[in-house]
Protein chains: 2
Amino acid sequence: MSKSGFVTRTLAIATLLMVASTPIQAAKVYRLKLAETWPSNFPVFGDAVRNMAKMAEEMSDGRLKIRIDSKNKHKAPLGIFDLVKGGQYDMGHSASYYWKGKVPETLYFTTMPFGMIAPEQYGWFNHGGGQELMDKVYSKHGLMSFPGGNTGNQMGGWFQKEINSLDDLKGLKMRIPGFAGEVMAKLGAKPTNIPPGELYTALERRTIDALEWVGPSLDLRMGFHKIAPYYYTGWHEPATELQFLVNKRKFDRLPKDLQQILKVAMKTAAYDMYIQSYNDSAVNWEKMKSDFPHIKIRTFPKEVLQALRRANDELLKDNARKSPLAKEIIQSQQEYLNKVRVWTNISDKAYLDSL
Amino acid sequence: MSKSGFVTRTLAIATLLMVASTPIQAAKVYRLKLAETWPSNFPVFGDAVRNMAKMAEEMSDGRLKIRIDSKNKHKAPLGIFDLVKGGQYDMGHSASYYWKGKVPETLYFTTMPFGMIAPEQYGWFNHGGGQELMDKVYSKHGLMSFPGGNTGNQMGGWFQKEINSLDDLKGLKMRIPGFAGEVMAKLGAKPTNIPPGELYTALERRTIDALEWVGPSLDLRMGFHKIAPYYYTGWHEPATELQFLVNKRKFDRLPKDLQQILKVAMKTAAYDMYIQSYNDSAVNWEKMKSDFPHIKIRTFPKEVLQALRRANDELLKDNARKSPLAKEIIQSQQEYLNKVRVWTNISDKAYLDSL
């Protein structure tokens, strides 16, 4: 064999080896770990996370794999912020208002009493400065936060007795956590928080007089409709948006295309969850109503709603006084709401009213 | 130099060459051509197409490139169905109801008078069998159709005179194309279609008495608010969903990951357009109202709306009689609407009513 023949053959073999190994070389797999606040296989909320991870994996041809740990695994359902900030997890799925005790300005990126409905709030996030304000709050902690799926308008809750006046709120023991609980407390109610697993018994045994959970999409499996006759329409969470959290350093290490895939997968999963919640609420409400036709839909009387709104406005003013950033967010939301609600009123609302 | 030294060096150079050329080899670029019904740089609708193409290109790291031809280029704004079916274009962006003269069952996948609002209709597409029915209609033509962006609730149009009774519809010359035009005709109106570029002059010179276009998101640039005092709320297009069309053979030739990227990019662009339309409607309405405070928002009287609805129901019955597939679609929509509207009424509507 001549020297050149040997070299040619060697090169040919090398070329074959290179070509054969190219796909394996190119396909470096990036693995991210995500901690969710929810238990394993939790409907709707958990579906949003699985939907996101599936889209990311399929769009990246397996180069981006996201492992999902539920609260059963990481045992810290309300510790997601710290887990992602500290880097124990690369991502999280939770709700921004859970961190208000730690970072007060996180309160505003989920939903606000008497605030925007879902398409209005997505308008604020995408076009009204909402995402930029969320970036401002979270970037200080090395975190990125994105919409994580909307439950739609949450129901005001299940009540054993009708609420006919402000007096009926005095001493009312109700499971209603967070900011809405503070609003209720200003009117003399006794807001409490009780772990989800104990809620049914507490309501049945009258340890509490009322509770709010989500809406038919998730209330059906809790069974509250079997033990409380009044289902109140919502005022306190008109568009609850969950949250994807991402550790900024981990995100920055991803190649540009995978960053984009991850962002689009999160965005799509969020929108998809809004639509799934809307559908599941309709389907589940029909079932609840047909199984338990005694359920009565009620709306709080004007007097009660006006008092709740006054209490809400006072609490917001307190918050704005305490933090210039909170003030900026509250103003941004109010200005956007004032503008967008006029449109809602002459479009969907006028249409629904005219039928 | 020894033979083995030469071989080693040659191999090292070959390896370098291979590695350098690997990304180019791996990155086979797939190019798709898309024809849109809209003119170049058309706001909102055109933004949805550009948003989709940009997401697809970035997520695929440049492996999926979509060239967008506007109507200025292909000259067939209402020929997109044929252009994509025939393979002259791989994709299209248009509206399904434009093809009702060709394939009557395509009528139902845009919006229907007195039909679903946007989140309800997305619920029907994603969870109520809507996408499957759309597949059934389009697959016969070698096409795939997906939601392409929602305008939200369209306004009922600009009127020179108030509509106070059914008599005011008799002989009313109105630009209102499509199915809604047929409904109006049944009540004695004279629906016409006039090219967009001539609409302003036609309304100003009273060649027509009224016209509907979209809503503030796109009406502002048309200037109708300067020449017609009455802006009616909507009944005829409560959730106009545009359409991405894809040639099935071309889609099947894409690698699985690019198929998924394309599908997710279309879905996200559709949702994004709904939110952009919502925002732009609010922003533009504020501007119209502040520049022309004389604009009066009106809703058709009950008597007129009830007559329009009866006419609409009769036309739908006719359609159902003519086509078993149309019947299946109409039934599916009505059943879903009956279920989902109950939820809309106790969630967003009850909330908005209570404020």
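Reply: Buried means under 20% relative accessible area, exposed over 50% and partly exposed in between, with a 1.4 Å probe and protein chains only. This is a predicted model, so local features need pLDDT of at least 70 and side-chain atom pairs count only at pLDDT 80 or more, while totals for chains, interfaces and linings use all residues. Residues are numbered from 1 along each chain as its sequence is written, chains are lettered from A and ligands numbered from 1 in the order in which they are written, and side-chain values use heavy atoms, with hydrogens and water left out.

Me: Which residues does UniProt list for "binding site"?
Reply: The unreviewed entry gives A:Q154, A:R175, A:E212 and A:E237. They are spread over 84 residues of sequence yet cluster in space, with a largest C-alpha distance of 14.3 Å. UniProt positions are in the numbering used here, feature names are shortened, and annotations may be inferred rather than shown by experiment.

Me: Is A:E237 buried or exposed?
Reply: A:E237 counts as buried because its relative accessibility is 6%.

Me: And where is A:E237?
Reply: In the loop between β9 (230-232) and β10 (241-247) of chain A. Helices (H or I, at least four residues) and strands (E, at least two) are DSSP runs, numbered from the N terminus.

Me: What about A:Q154, buried or exposed?
Reply: A:Q154 counts as buried, at 4% relative accessibility. A:Q154 lies in the loop between β4 (143-150) and β5 (157-159) of chain A.

Me: What does A:Q154 touch?
Reply: Not counting residues up to four places away in sequence, its contacts (heavy atoms within 4.5 Å) include two others from the UniProt list, A:E212 and A:E237. Among the rest are A:W213 and A:H236.

Me: Switching topic: how do α6 and α13 of chain A pack?
Reply: Helix α6 (residues 130-139) and helix α13 (residues 324-354) pack at about 160 degrees, with their axes 11 Å apart. So α6(A) is roughly antiparallel to α13(A), a label for angles over 145, with under 35 roughly parallel, 65 to 115 roughly perpendicular and the rest oblique. Axes are lines fitted to C-alpha atoms, for helices over the stretch in contact, and angles run from 0 to 180 degrees between N-to-C directions.

Me: Which residues meet there?
Reply: A:L133, A:K136 and A:V137 in α6(A) meet A:L325, A:E328, A:I329 and A:S332 in α13(A).
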